[in-house]
Amino acid sequence: MTTALTDRQKIRKLPFYIAAMTMNSVFTTLTVFGSVFPLFLADLGLDKARIGVALALIPYATLISPFMAPFVSKWGFRRTFLIVWTIRKFIITAMLLAPAILATAGPDAAFVWVTLCIVGFALCRAAGDTGLLPWTQELVPNDIRGKFMAFENVIVTLAQIGVVALAGFLIDHLTGSARYTTPMGIGVVGGLIGVLLFSLLPGGKPTRQTIDLRAHLAEVRIALGDRNFIFFMSMLTLVTLGSGLSGSFIPLFANEQIGLSPGNVVLLSIGSSAGTLLAALPVGWALDRIGNKPLMWIGLAALLALPLCWLAVPRHAPDSLAFAMGISFVAGIGGATWSMSWSRFLFNAAVPPQHSAVYLSVYYAWSSFVGGSGPLLAGAILTALAPGMSNPYAGLFAISLIPMLIGGGVLGRLRDHEAVSLRHLAGRALRRASRT
């Protein structure tokens, strides 16, 4: 047994957590999860099919998370996370040798090398996140989780905007493979700094003394039999799938149907980031005061409206960019509202702390699988609709609404002891209005 951390001890260390996550975002944005990585793979001569395979390996590797949970619980969440998070930085460093392999052994050898590196990275990511999620649940007090997520969101988003600008500058001013390996190398340095900051955090100690697979399977059965957790996972699956269908190909839709140039398409991310920055603090404040479900409803409504809004943008018009930027701004607000509210529900209402390792490993594996499947399914739908439709994106957007609407029905059945009903909130607003 370990001594529980007090809320005061946790709060004193939370700035290190935010700093560590910020540096981790520098690492991921400049390497495998940013726009630099697919450009790097294309520069190696990999075709789109091979690039798709490489990118799909990362989310699909998370399916091993539930099987790793008992080992991570015994080794310790913090220890496991720090070890594998360090190893994966060196794996990405090794990937930077791919241009030299391409020059000496050809594109097939370069693809094999990149694939091996991605597999190693993906396995480390799965093991690390299996430790990080329960460690995060332990570190952040429930009553300030919304406010904390808001501050983290703001700082991480600002860092991402900065590193994207840096990457764009380096890609424009460097030549050859250095255009991509240099920002990726900077990302690795940032990631190592992040690991150092994570090492300053307390908690994350082992919760098991032995690895008992039978007991682990019993806990998995508890998770799969938890009605509220299963409703939450079903809701998240449906909404994630729907939003993934509609959102995955927005850049291509903006270029092909709206008529925006590739440069202007890239600029749309600024609108989304601005919306996220505007929404983060108010949403965090509201989450800690009125609970998760009211904000989840608002976020879901925004996600449902976005496909319709994109279809309403004027085509090949002088004001097309302005309209698209406005919708991206709203998308940032809605996306931040949705992601922050369901994340807080996950930690505060869906996952019991005494079973956090198992519950969160099940959540992590399945949600990552669904998130990775959305873009693949969207591509297949577009391919199927293209021969018979001048705008296959319209069909894709219509199909995307179906799982999100069903997800809204499941959302209504979630139990949240903190939540204030929308009817109560409306009544409170009317009473305040009547007094003014």
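Modeller: What follows is a set of questions and answers about a predicted model.

Biologist: Why are the rings of Phe232 and Phe345 called stacked?

Modeller: Their centres are 5.5 Å apart, and rings pair if their centres lie within 6.5 Å; their planes stand at 20°, and planes under 30 degrees apart count as stacked, so the pair is stacked. A search of the whole structure finds 17 aromatic pairs, and this one links distant parts of the chain, with Phe232 in helix 11 (residues 227-247) and Phe345 in helix 15 (residues 320-350), 113 residues apart.

Biologist: What makes Phe232 buried, and how do you know that Phe345 counts as buried?

Modeller: Buried means under 20% relative accessible area; Phe232 has a relative accessible area of 0% and is therefore buried, and Phe345, at 0% relative accessibility, counts as buried too.

Biologist: What makes you say that Arg88 lies over the face of Trp85?

Modeller: The distance from the ring centre is 3.5 Å, and the cut-off asks for a charge within 6 Å of the ring centre and within 35 degrees of the ring normal.

Biologist: How do you know that the buried residues of helix 10 line one face of the helix?

Modeller: In helix 10 (residues 213-224), the residues His216, Glu219, Val220 and Ala223 are buried; seen down the helix axis, the buried residues fall within an arc of 105°, so they line one face. An α-helix has 3.6 residues a turn, so residues three or four places apart point the same way. The face turned away from the buried side carries the exposed residues Arg214 and Arg221, while the cover over the buried residues includes helix 4 (65-75), helix 11 and helix 16 (356-385).

Biologist: What makes the span of helix 10 close to the expected one?

Modeller: Helix 10 has twelve residues and reaches 16 Å from its first C-alpha to its last, to be set against the 16 Å expected at 1.5 Å a residue.

Biologist: Why is Gly412 called partly exposed?

Modeller: The relative accessible area of Gly412 is 44%, and partly exposed covers what lies between buried, under 20%, and exposed, over 50%, so Gly412 is partly exposed. Gly412 is found in the loop between helix 17 (392-411) and helix 18 (422-435), and, leaving aside its neighbours within four places in sequence, Gly412 is in contact with Lys293 and Trp297.

Biologist: Why does Gln137 count as buried?

Modeller: Gln137 has 9% relative accessibility, and the limit for buried is under 20%, so Gln137 counts as buried. Gln137 is found in helix 7, and, neighbours within four places in sequence aside, its contacts include Arg145, Phe347 and Leu360.

Biologist: Which residues have the most contacts inside the largest nonpolar core?

Modeller: They are Phe40, Leu41, Met95 and Phe198, in a core of 52 residues. Helix 7 (107-139) is among the helices that each supply at least two residues of this core, and the largest share, ten residues, comes from helix 7. Apart from this core lies another, of 49 residues, among them Leu245, Leu303, Val313 and Ala350.

Note on methods. Residues are numbered from 1 along each chain as its sequence is written. This is a predicted model: local features need pLDDT of at least 70, side-chain atom pairs count only at pLDDT 80 or more; totals for chains, interfaces and linings use all residues. Side-chain values use heavy atoms; hydrogens and water are left out. Rings of Phe, Tyr and Trp (its six-membered ring) pair if their centres lie within 6.5 Å; planes under 30 degrees apart count as stacked, over 60 as edge-to-face and the rest as tilted. Helices (H or I, at least four residues) and strands (E, at least two) are DSSP runs, numbered from the N terminus. Buried means under 20% relative accessible area, exposed over 50%, partly exposed in between (1.4 Å probe, protein chains only). The expected span of a helix is 1.5 Å times one less than its number of residues. The arc is that of the directions from the helix axis to the C-beta atoms. Contact means heavy atoms within 4.5 Å. A nonpolar core is a set of buried Ala, Val, Leu, Ile, Met, Phe, Trp, Tyr and Cys residues joined through side-chain atoms within 4.5 Å.
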